[in-house]
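Biologist: Please take a close look at the charged side chains and how they pair. From there, kindly carry the account on to the surroundings in which such pairs sit.

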Amino acid sequence: MSKFPKNFLWGASTSAYQVEGAINQGGKVPSIMDRFDERESYPKGITGFKVASDHYNHWKEDVAMMAEMGFKSYRFSISWPRIIKNTKGDINKEGIKFYSDLIDELLKNKIEPVVTMLHFDTPDFIEEIGGLDSHNFSKLFEHYSKVLFENFGSRVKWWLTINELNMFALAGQIIGVISEKSKATKWQIMHNLNVAQARAIRLCRKMLPEVKIGPAPNISSVYPASSKPEDYQAKLNFDQIRNWVFLDIVCRGEYSNWFKNFLKSINQEIEITNEEKEILKNSKPDFIAFNYYSTMTVADVTVEEYKKSLESKSDQQMGMIIPGVGKAVKNPNLDKTQFGWEIDPLGFKNTLKDVWDRYQLPIMITENGIGSKDVLTNDEKIHDDYRIEYYQKHISSMASAINDGVEMIGYMPWSAIDLVSTHEGISKRYGFVYVNRDEFDEKDMKRIRKDSFFWYQELIKNNGENI
Ligand code: BG6
């Protein structure tokens, strides 16, 4: 098995709204995520994002933990509503200082910052210009990008545009990113996000020609539920709608023929201005970052099934049904996490190879991991051997993909420390570091090293050689 590259970016990820808390501190203005738990659609009995892991007040201690693990990189997101105060673009200096200090501390510890510009927490003020439904969205995002590049561009060498732009569009209601006021189709929202992403890449090229920028969708191989030709067709369609439509637009600069036909088949159109067409054409990324949790298995779908599905609640990973495309079904060949997400390390290798073969751009993994109800023992230990096993298998798969010629830049699994899941609370833990709080009891927020912390520390020390 070949070695991981010498400067491989071993690290882990978080996102601002899931880890920071402090929603009213430091001059931050409201975001759509601040009140997600107050919505009817938010699951009952779990915490929202107001306090999260209180990283905003523990960031130094958290970086020290990362340094102790030997991180070479840390992928985090900047919260747009901490940086920009309103549609006029006024800057919140306290917000700039918070991230500036964080970046300096990381660099001091030889940890490369990998920065996501937007990870689901759009500021409420975007509603004043029509929100995600509007073409103006991308212009506001471009201004925000400019502020980020001006303030952090000399220190941050790796930028990610929009986290999981595909899940934003396809599963926006579940993740809570789409405002209740929104009237546009998911395809128009997807387009407005695509243009925002393209504007940021274009501006980055102009302002910071020496840094690297890429997208960060959620990508996974798709299996047909059976060898029925209709199921295979559903697989091909899902490959497109879940994966390639979102990577083609950024890597190839225009919507694919498949996507144009799909829109026609469902009698929908997206409004694209000529200026936007030009912007999309000229915004190729330097690399592809993607999040991988599992593969997907799909079957053909009838109109009746689709109508019925509208009444039930689905999940961004497991439950997805699109008329004329297909529906996600369970894969009986795969083990599952405590939260029902399928575990497929071999699928990880195949997904890496598919993405590499299709686009021939270096790949960075920005999320991968297992959510579980970790148990804190009386002597303050967390024996998360299931997490170690999960990582062992996925990292072995990645090594095998590298051996087959896939060019990889780094691996930043989810998550560096415990944080609040998108819609399943803090009890669905992902971190290498335990944060001592429960759903509604914030306790002392003490940071405690899990067994996986020590395992990952050793792995990084050996640059993955012992996998
Ligand atoms: C990705 C997101 O979809 O998966 C993260 O980028 C999220 O924000 C992660 O937390 C795990 O999903 P969940 O629903 O278990 O939090």
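Modeller: Lys 443 forms a salt bridge with Asp 438, and the closest N and O atoms of the two are 3.1 Å apart. A salt bridge here is a side-chain nitrogen of Lys or Arg within 4 Å of a carboxyl oxygen of Asp or Glu. The model is a predicted one, in which local features need pLDDT of at least 70 and side-chain atom pairs count only at pLDDT 80 or more, while totals for chains, interfaces and linings use all residues. Residues are numbered from 1 along each chain as its sequence is written, and side-chain values use heavy atoms, with hydrogens and water left out.

Lys 443 is partly exposed, at a relative accessible area of 43%, and Asp 438 is likewise partly exposed, at 33%. The terms are set by relative accessible area: buried is under 20%, exposed is over 50%, and partly exposed lies in between (1.4 Å probe, protein chains only). Elsewhere, salt bridges that share partners join Asp 374, Asp 384, Arg 387, Asp 418, Arg 429 and Lys 450 into one network.

The count of salt bridges comes to 34. One of them links Glu 68 to Arg 449, with the closest N and O atoms 2.8 Å apart. Glu 68 belongs to helix α2 (residues 55-69) and Arg 449 to strand β16 (residues 447-449), so this pair ties together parts that are 381 residues apart in sequence. Helices (H or I, at least four residues) and strands (E, at least two) are DSSP runs, numbered from the N terminus. Glu 68 is partly exposed, with 35% relative accessible area, and Arg 449 is partly exposed as well, with 31%.

In general, an α-helix has 3.6 residues a turn, so residues three or four places apart point the same way.

Charged side chains also meet aromatic rings. Arg 449, the partner of Glu 68, lies over the face of Phe 453, at 5.6 Å from the ring centre. Lys 428 takes such a place over Trp 341, at 3.9 Å from the ring centre. The criterion is that NZ of Lys or CZ of Arg be within 6 Å of the ring centre and within 35 degrees of the ring normal.

Phe, Tyr and Trp (its six-membered ring) are paired if the ring centres lie within 6.5 Å; planes under 30 degrees apart count as stacked, over 60 as edge-to-face and the rest as tilted. The count by this rule is 39 aromatic pairs. Among them, Trp 258 and Phe 262 are stacked, because their centres are 5.3 Å apart and their planes at 10°. These two residues are four apart in helix α10 (residues 257-265), and are thus separated by about one helical turn. Trp 258 is partly exposed at 21%, while Phe 262 is buried at 6%.

Ring pairs also link Phe 4, Phe 8, Trp 10, Phe 71, Tyr 390, Tyr 391, Tyr 411, Phe 432 and Tyr 456 into a cluster. Leaving aside neighbours within four places in sequence, Tyr 456 is in contact (heavy atoms within 4.5 Å) with Trp 10, Gly 11, Met 69, Phe 71, Ile 395, Tyr 411, Pro 413 and Phe 432.

A nonpolar core is a set of buried Ala, Val, Leu, Ile, Met, Phe, Trp, Tyr and Cys residues joined through side-chain atoms within 4.5 Å. The largest such core has 145 residues, of which Trp 159, Met 398 and Tyr 456 touch the most other members. Helix α8 (residues 186-207) supplies the largest share of this core, with 11 residues. Another core, of 10 residues, lies apart from it and includes Trp 158, Leu 160, Phe 287 and Met 412. Leu 160 lies in strand β4 (residues 158-163) and is buried, with a relative accessible area of 0%.
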